Amino acid sequence: AAAAAALSAAANTSPLSGSTGAASPGPVQTLTVTGCNNPTVSNIISGTYSLGGNNHDRPVYKKDGAQGTVSVLIYFWDERDGPSFSGWWFGPKVGGDQVWAYNGDKSAQAPPSDNWQVPWDGPADPSLRLIPAMSMNAGAQRPSSLPPLQHSIHQQPMQSSLQQPMQQQLQRPPMMNPPPPLGSSSMQHIQQPLAATARFEEERRAAEERRRQEMLEKLRADNERQRLEAERKRAEEEERKKEEERVRKEADAKRRGEQQAALAVRKVIQRVRVATPETYDNLRAELEEAQSANLEALGSQAEKVSQEAEQTLQQAQRRIDEINQKREEEERRRVEDERRAKEDEEKVQRLLKEVTEEVQLAEGVVKEAQEAATALENDGGLEPEAMLKAADETGKVIEAAKAKLEKHIQTLDEKWNEMGSSESARKVRREMDELNGNMLSGRRTLERLSSTAASARHGASRKAVALRKQHARKEFFSKHDHDNDGKLSEEEVILFAKAEFDGFEMPADALANILRLLEPVTVEKFHAMHMKVGIAQSEAKARIRRAEETARQKRLDEERRVVQTILDEADASMRSAEDIIGRAEDLGRPLTQDDTKLSAEAITTAAKEGDSLAKQAQSELVVVQEKLKGAEEACTLSEDLRGFDRQDAPLLRERHDNVKARVDKVVSILRKSREKAVRKAYAEMDQKRLECATAIRTQLSSQGKSGEELFASIGDGAPLTTEMFAGFLKGLPNLDLHDGQAIKLVEHIAGEAGSISKEQFLELIRLYYKCVKATVLNEDITIKSKQVRRLDIGEVVEVFEGPTFEEAAGVKRIRCQAVQDEAMGWATIAGNQGTPFLEPGGNFCSVVKETLLTDGLSVTDSKTIRRLAKGEVIEVLEFQKKDASVDVKRIKGKAKLDGATGWVTVASNQGTIFIEPC
């Protein structure tokens, strides 16, 4: 009865908590998950799990696996997110959106062993089981409540014949009637099996003692046998080592003898290697004798040394043959050199003789030229004409001599080159140098004679010119000596001035001065008188020029003053233009900053003011240009003023060009600023348009109306006027509009139509979200409803209802349609911990390559509205549709720059991308 009670207590112990009825030692360390009818889930969750922490005061188990495999956790989640989320879960992370199995037992302190739902929203899977893995030590211990009898039975299965009565007794079913009182018969009934057990235990201990003694005897015999075997092996090892040492010593002695014999032979081999033809035979005999003497001592090295000797003899023989061949070659070269030297000697002597003859001929030529020059020097008293003729003849003789001498010199050089640089040529070098020096000396002599003849001719020529001038002067004097008295009178001097100096009237003082200095004016003084009349004429002309220059300078000063006044006025206008454009630049500088916080209205106002300043600067530049043109024309008309404006005008033109460039830059900046203001105003209105759409969406959700119903309630189904829709917008609680902003917003939405139609209203409240983190699309608003499909990152959805708050999960959800495949369902905007899944947008694209905006879907049949520049942003109105005419996909969109609406090609049929989502 006690043993049965103990077994029952052990069987009732909790498998996951490790409790045995006493104080709990904590959760089990390891679990094993088996079963599961779903093969996909089974592959993920089956395996061994280890305790890895706790969550919400319950243990967390993590699946053991290699690094990089899917992480699987078993964890508990309390009711903080609602009762429907509380319970035990299988998932990749604690509190994550992805789960594989669920157990709703919230009272369990450890993972329940069964009743798990797979999938988490499906029925319970009876095959899925969680089994605690007991440790080896725990499994080996006997429960303390079991009696020693049952313990001995389990440990001694071999004595089954003795245990059978006991086992039958323990396994006998209990009596239905109460046990009889303890009497003598009862005691005997109990003591009989106990006595048998005692005898069995005594016999077992005796048998164990016999086995122990036998094993000790066997162990001692084995040890003695092993000791004797070890001693025998030691003796054999020592004997083997002694034999090896003897053999090694004999081998060492033999090897030393072989090395000494080999060394003796190799010494002779070394001498054979450097043998000469004279010593080779003796060294070869010595090597053969050394090999014979040490043949037996060489032993194992005999063959190797013999090969070395043979190779050395072959190498030495080749070397001796090469030496003998080289000696024969040297002898042949010596004989050939002697023959060539003899030939060179004969040639040099022949050439030296020829050169000597050439030098003698050249000396004769020089001598003839010297004789001709000497004859010219002796004819110094000849008339100039005769002297010129003699000088010309002498020059011809000298030039002919020089030509002959140059030929002789050339011949000498050719002979010298023909001699070459042999030893024989070097021996006659001094004689050749002396002959060459004679040639060069003759050349210098002829040069000197040529110079002397040229000087004589030049002197004769000058003398002839002087005689002709003297004769001409006398004739000139005679021309003006009207009375032929050999001198010029005062009247004749006056007539001379008029005739020779273009009618010059001699001033009385100049005439008196000439006559005072030169009277009488004879032929010898005629040249001096001529010079003085010329000087008098020059002085008279100079006086006239000075008077004219004074008048001209006065007129020039006045003209310069006028031009300078024009340039000063241009400078003043230039300074004004520089000041104005500087203010315009200061005004436009903030407009160029990308991060400017100025409103569109402020940018427009600043741009208008900048335009006004730019126009003023341009007007001043026109004035400067006109002033510079006037100064340039004035300087061009007057010969004396040419170049006067080059000092100030170039600098003014440079400043003009600089300011003009600055004006052009400011005008460009202001143009871009106006465009920026238009874009910013459009962007501000578009942002308000998005806020307006969101506010209207909120209104729709709160009132439970559709877009058509709300439109009908505002204006009874008719198009909404500006005032009507503006009043509606002002009444929206979640839309903040400043003064006049509602009217502008309505005008922005209505466009040129002036009123908002039903189609425009429905287009306005269209709202798109872009998936920024993968999530799911459910059939209903509850997150545990059936999944439609997953939403991947980058997908765009169009909102049809919401955002609506889902109470059970505590999150906002929208009813939307995927643009990609028109899948409809509910999606979460952000998790209850703030993790975003969807963000507004996704219906905007950026132009990455310039393309065209057309008015229709078909590329071939539509007209171009305008070009779209790289970087422009397009709001998508209709997502991708295929144009079959050119096999491309196109979208309908509105340019954010100016609101232009049309169709744009996404990518060409060659793969060139034009627009991308942004």
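Trainee: What makes Lys784 count as sitting over the ring of Phe85?

Mentor: The charged end of Lys784 is 4.4 Å from the ring centre of Phe85. A charge sits over a ring if NZ of Lys or CZ of Arg is within 6 Å of the ring centre and within 35 degrees of the ring normal. Lys784 also lies over the face of Tyr102, at 5.8 Å from the ring centre. This is a predicted model, where local features need pLDDT of at least 70 and side-chain atom pairs 80 or more, while totals for chains, interfaces and linings use all residues. Residues are numbered from 1 along each chain as its sequence is written, and side-chain values use heavy atoms, without hydrogens and water.

Trainee: Why is the pair of Trp89 and Tyr102 called tilted?

Mentor: Rings of Phe, Tyr and Trp (its six-membered ring) pair if their centres lie within 6.5 Å; planes under 30 degrees apart count as stacked, over 60 as edge-to-face and the rest as tilted. Trp89 and Tyr102 are 4.3 Å apart centre to centre with 40° between the planes, so the pair is tilted.

Trainee: How do you know whether Trp89 is buried or exposed?

Mentor: Buried means under 20% relative accessible area, exposed over 50%, partly exposed in between (1.4 Å probe, protein chains only). Trp89 has 5%, so Trp89 is buried. Tyr102, at 10%, is therefore buried by that rule.

Trainee: Which residues form one aromatic cluster?

Mentor: Phe476, Phe477, Phe496, Phe501 and Phe526 do.
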